[in-house]
Amino acid sequence: MTGKQRRRGRLLKAAAAALTVLGSVLLVLHLRHAAYDDAAGPAAVAAATPLPSGAPLSLRSDGPVAPDAGWTVAAETARLRLAVDPHSGHFQVTDKRSGRSWLSAPDPGGWSADGLSPQWAANLRSPLMIRYVEWSLRKDQTVETNLLSAQGEVGDFRLVDGGFHIDFLFPRLGFSIPVTVSIEDDAVQTRIEEQGLLDGSSNLAADGRPAPARLASVRLYPFFGAQVSAEANGEEGYLLVPDGPGGLIRFKTKREVKSGLYSQPIYGEDAALGSAAAVSAAAADRSPVAMPVFGLKSGSLAYVAEIQDGAEYANIVAAPSGTYSPYNWAAAEFLYRPKYYQPTNTQKTEGYYVYGDQRLTGDRSVRYYLLQDAAATYSGMAARYRQALRDRQSLHAIAADERPLPLNLNLLGGDRENGFIVDGYRKLTTTEQAKRIVGELQSMGVQNMSIVYKGWQNGGFSKYGNPFPVSDELGGDEGMRDLAAYAHARDFPLYLDGGMLALNNAKRSGFRASRDGLRTMGSTVADYSEQGRDATIVGMNYMRSSFGGLLNKTNALGVDGLRFGYGLGTGLNSDYGGSAPVTRQQALAMQRDLLTAAHSELDGAQSDGGYAYAWPYADFVADTPLDGSYDLIVDETVPFMQIVLHGSIRYAAPDMNAMDDPETGMLKGIEYGAEPSFTISYADSRELLRTVGLKEVYSTGFAAWSNEMVVQYQRYNAALAGVQSSTIVGHRSVADRVYETVYDNGTRIWVNYGDTDYRGGEIAVAGRSFAVKGGTDSVSP
Amino acid sequence: MGSGTILRRRRIGAALLALTVALLLGASAAAAAVPYQTYTLDQRGRLIHLQPAYYPDGLLGGDAGLSKPQDLFVAPGGDMYVADTGNNRIVRLDAAGRTQQVYDVPDSPLSQPSGVFVAEDGRIYVADTGNRRIVVLDAAGKLAAQFGRPDSRLLPASYVFEPTHLAVDRRGFLFVATRGGYQGLLELDPEGQFHGFFGANRVQVSLMELVRRAVYTEEQLQRREKLLPVSIQNLALDAQGFVYTVSHDGGSEQVKKLNIRGDNQWGGRSFGEAPADPGGKKGAGGADSAAGAGANLVDLTVDHGGNVTVIDRNRHVVSQYDTSGRLLFYWFGTADVGNPRFGVAQSPSAIASGPNDELLILDDQLGLIQRLKPTAFGRSIYEAIALGKGGSYDESERAWQNVLQMNAHFTPAYEGLAKSSIQKEQYGQAVDYAKLAGSASLYSDAFWQIRLQWFQAHFSLIADMVILLAILAFALPPVRRRLKGRLPISSGWRARLEGWRRRGHAFYLLRHPIDGFTALRYEGKGSYAAALGLLVVTCVALALRSYYTGFAFHPVGRGETELGSVLAPFLCIWLSWVVCQYLIGSINRGEARFKDIFVGSAYAMLPVTVAGVPIILLSNALTLSEHAIFSFLTTAMIVWTVLLFYWKVQSLQNYSVGETLLSILLTLFAMLLLWTLLFIVFGLTSEYLQFLYAIYREVTM
């Protein structure tokens, strides 16, 4: 062959390749289209049933929804009476003892048409608000509307056991949303049923094509109990949102800062969606919503609402008066279609947001517990929520313990360090040194400890996946067994950190990111990257198959159990890999299964910042938030979560030696009833500089911290030793920057954040300090 | 999927997306943390994550109803004066943010006032931008004076007097920043008469502009828009009389500290940090796209200690610098529109320091003032810096230890410790600290002392050694001569020796380069084995160079560089040289075979080993004061290598001098082409794959 021929041959080959590519692209396009037609076929048959025709929605064209005498009584319990207006779908719950009632629409007494947009006037009078996607126009945007504006109807009204059932119909959009409302004891429950829910993809428009609208989300009775701000009559009111430990949005006639809505997803963002909120930098430094609750207090009435079914698909939405309307209101917004990020290049730097076609199925329910008088406070709300969890056996009272408060000692094993030719390992605390630390702390007066070993896995702190055996450099499995025996001899439990179990970056371990990693809805592998630690989030199937072995190996080390972190109790992600995608709901069930297995096979399980669904399986929750997300819309942070947990699960504040402001942190920990926690290494803190993955661990050297640890511990112990198994029954601000926490055994703890001493009645609290008053004796630090 | 579907693309910066999951996951760990991230950069530009140096303390001015306020001045007592631009007035708030007084000058109404300054005597100076004048009010708010455009021959006719910000010094002289005033600050005397321009920025000339100037004709140059310096955006004064200016952007010297003569004390420095990418290891500039915009530095403030804080309106970065203009730390956080957050200004327009070290940041979108206070960590750093300046080394050491107790990653603290260790004559410790701080000069200072002490301690030994060596030098040659040729050697050893001798040719070559290379070509002295052996030796020498060079000359910690990153560039360049030289030679009447060039190029690298290794050893005994020796030897080594390459080409290809030079130039050019081609091929291939992937995504959606 001459050069010329060869060149021509190459040209031909290139042309052939180009044609092949073009051909395959066309083929795929064609196939997609065909597949679409096929899919539309059966759906068309299945959804051929026409919408039930209902009575026209009868609401006066202006003015508020007011409960008329003519409303039908749907159900009664010993305490409550439920009355309903079948024409509008609104209901009213009356407390029979006090005669006071709750309306599913805004309080008519505060209605004023001034400054209200027509859209919001309709929103306020509608029993539900929806957002939908105009599927044939734009798949990346939603339209917000309500039953009235969309010329909806109510249909199929009937009374059922304990309440009523109603279908909300949107004939123009082709939606049918079946709802039941029922009462039970002191609670009213609203439910969107899966059975009978119709929307665009399951429904046909007149011309036989699928209806163009797809349901994106529903807010059912969003203005249940909504109140205007009435500071004038001296009544206190606020909305409770689960921001961090709990946040209050006060009823104010004038807010200094105009904010939008408070709208946050329960259990944080879904990494498989790469959602808009997750990408925006503001998602940083947020405390994710850990509890599916919200509440409202107005004067002597209050409710606390728990989202029960479909919490994983809900956003907590709250708006103070002045945002859109004069009403303060809070609600759950249930998502029916997720918005996800679809990258169009391999670096994921370009792409677009779009709604998925697949509807998220399942019932969605909210249970409003109605409170009044003394119980109508945030601590009352927390107490009622705790009671509900205890009734369901999700929480249990912990046994009384005469021992001192435990010091939560997190030990830092070691990590990888960069090397010139090969990477090395930098040990920070060997198992032998761990014994020395424990022994020394004990000799310094810390008589109770709970120990967690971090960075114990072979390969060090920044290695995720395949953690066993324990690093040889730290003493190996044998060393860990020794340490466990040493700790148990002193009656201290020893846990291993399992925060890395849902992540993987181990080489040659059988884990392949492209096969076993978590797949996003945009079909990419979900990466994890933080301060030099890169890994892949493990897919749910791999997680399940590898989990049993982990538990066995943990038990073989003689330790008490694992502390679970991301992916097991926090970090709830759906997974679109494998043959059948795992929805967020299924992922939650799987996490529960894994945690149940861990709870039954290990002696104990701890959770790092665990969300409410992890609480039944945890003996201890670490890193409970002391602070919210600094949104201006949230006026105040309150220990709602801590009031729920205290006396039910032991919990700790974030590490004292990692806090932004350790002094305020200490006071807040005492106010919130949290146990103290430290992350410590035997090696000097300077050694952290050499590690790959500990850039955000500021200072851990035991020698430098030991005295401080003991001093802080003694303070905590003085305050909280006597209330370890008690529940918190009250929490309030007694003066500017002075707070009081009351326990059910009569102990009261005051914390003064101000610089000046506080003196009020029976107690005196020095500035930047605290005071404790038990049944008989009082303690000061 | 409907064919008419319209999808709007959202292009999102790479860094932004890199944040995604990292932030998502970091969230649970970030409980009880302020809504922004604080970082600093160490001497080598590495990013260090810090706990916050300031915490959000209050939100002020809510009841004043401010509208697009553009300036904030804090009086020594804590009273705050706000230029309430949108409402055409000045508002005085007390330290708690309650409105005290409103100045709207009824007899001569203000229009869009965007600057305010209060002199020590209580007179209020207002840059009344809309009216193009400066208004002076007495303490009660009565109009005391007003200055329009100064009347001076020295002021260009085209000069537009639109004052935006101003400051008044002790003498009563006014420094005025004007809109579009590229001439610098306008300096007015107390009567409002023109005194001069002050602190003009220099024109920043880009490389492209230099090329244009060289290539364009006079006429073309005249037609081009004239390059003007960036105008000064804002200014501040400190107690010592320094004038600080800040300009929008300009690559460097965005912030200047000017003395009374207008000399910049902070020349050559760059200010205004870029938001860091928390997921990566990169420092400033690595993730500009995170905020999707360039810097827009709008204001600065000087606190009692002389630390300067600068705000960036576009990127929401607050950066703080010490008195010498060195970065202390910077932080950034963003708030979504509609969801403002405590401690994060959505649109910062002005910044001021309060009497108790607090920072007050004016937000013109929310019409509020965010108050930040230093945390214990922030305070401890200020304290340590102040003590270091005061010269009390014991106290300074304790203060730096205190900083490290809070954050062991804060490497500037090790610098402070190294300094005090040197002062306390604990040089061994100082060396350790200097290494942690990555400071070559401190290391060098400490090592100089250690070396001196060692010499003093071992003086007699050294003297003895010198004498001994001298005796040996005289005595040895005769002995060696007598031994020569008497050693019995077996034939196997002889063969092995022959192999060594071939490598030994290397040493012959060093002494007689031209003959040596000629022998490679025509006497078959070289072999691939020998060349590969030499290459390996060179690689080892390069590795040693990167790993064992003295810290004073190579201030990089062990393990921070990887072997691959040292060797890969060398091998790539070397190999492309060999290939290109062969190709160029073959079309240019060269006589060398590929093998000759390969072997010859390996031999030509000899100085890197022969001279390089001793230099590495020597560098461990030298300090920066002997820098000249080190750089001379290194240069000599390089020159020697280059000469060997020259002779190599000349001898192997059998060229004349001119031909050799031409051949070398052509080879270098060919290398450039080769690399460009490779980049293009790889670039296009990956682009093509990207394109296919995008199509696939689009189709399967």
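In the predicted model, contacts between two helices of chain B bring B:Cys539, B:Leu542, B:Ala543 and B:Ser546, which belong to H12(B), against B:Leu563, B:Val566, B:Leu567 and B:Phe570 of H13(B). Helix H12(B) covers residues 528-548 and helix H13(B) covers residues 563-586, and the two pack with their axes 10 Å apart and at an angle of about 135°. The crossing of H12(B) over H13(B) is right-handed.

Chain B also contains an open sheet of 4 strands, arranged in the order S13-S14-S15-S16 and paired in the antiparallel sense. Strand S13 (163-168) and strand S16 (194-198) of chain B form its edges, each pairing on one side only, and from one strand to the next the twist averages 25°. Within this sheet, strand S14 (residues 174-178) and strand S15 (residues 185-188) of chain B are joined in antiparallel fashion by 3 bridges; B:Phe175 has B:Glu187, in S15(B), as its bridge partner.

In chain A, an open sheet is built from 8 strands with parallel pairing, and their order is S36-S34-S33-S32-S28-S27-S24-S37. Strand S36 (650-651) and S37 of chain A lie at the edges and have a single partner strand each, so that one side of each lacks a neighbour in the sheet. Helix H5(A) packs on this sheet, where it touches S24, strand S27 (449-454) and S37 of chain A, and the direction of H5(A) makes about 160° with that of S27(A). Elsewhere in the sheet, strand S33 (residues 604-608) and strand S34 (residues 620-622) of chain A run parallel and are connected by 3 bridges, with A:Asp608 standing opposite A:Ala622 of S34(A).

Strands S24 and S37, both touched by H5 in chain A, are also among the elements that cover the buried residues of helix H12(A), as are helix H5 (431-443) itself and helix H11 (662-671) of chain A. Further cover for these residues comes from elements including strand S40 (748-752) and strand S43 (769-773) of chain A. The buried positions of H12(A) are A:Phe702, A:Trp705, A:Met709, A:Gln712, A:Tyr713, A:Tyr716, A:Asn717, A:Ala719 and A:Leu720. Helix H12 of chain A, which comprises residues 702-720, is bent by about 25° at A:Glu708.

How values were computed. Residues are numbered from 1 along each chain as its sequence is written. Chains are lettered from A and ligands numbered from 1 in the order in which they are written. This is a predicted model: local features need pLDDT of at least 70, side-chain atom pairs count only at pLDDT 80 or more; totals for chains, interfaces and linings use all residues. The bend at a residue is the angle between axes fitted to the seven residues ending there and the seven starting there. A residue is buried if 20 or more other C-beta atoms lie within 10 Å of its own, exposed if 12 or fewer, and partly exposed in between; C-beta atoms are placed from the backbone. Two residues are in contact if their C-beta atoms, placed from the backbone, lie within 7 Å. Two strands pair if DSSP finds at least two bridges between them. Axes are lines fitted to C-alpha atoms, for helices over the stretch in contact, and angles run from 0 to 180 degrees between N-to-C directions. A crossing is left-handed if the near helix is turned anticlockwise from the far one by less than a right angle, and right-handed if clockwise.
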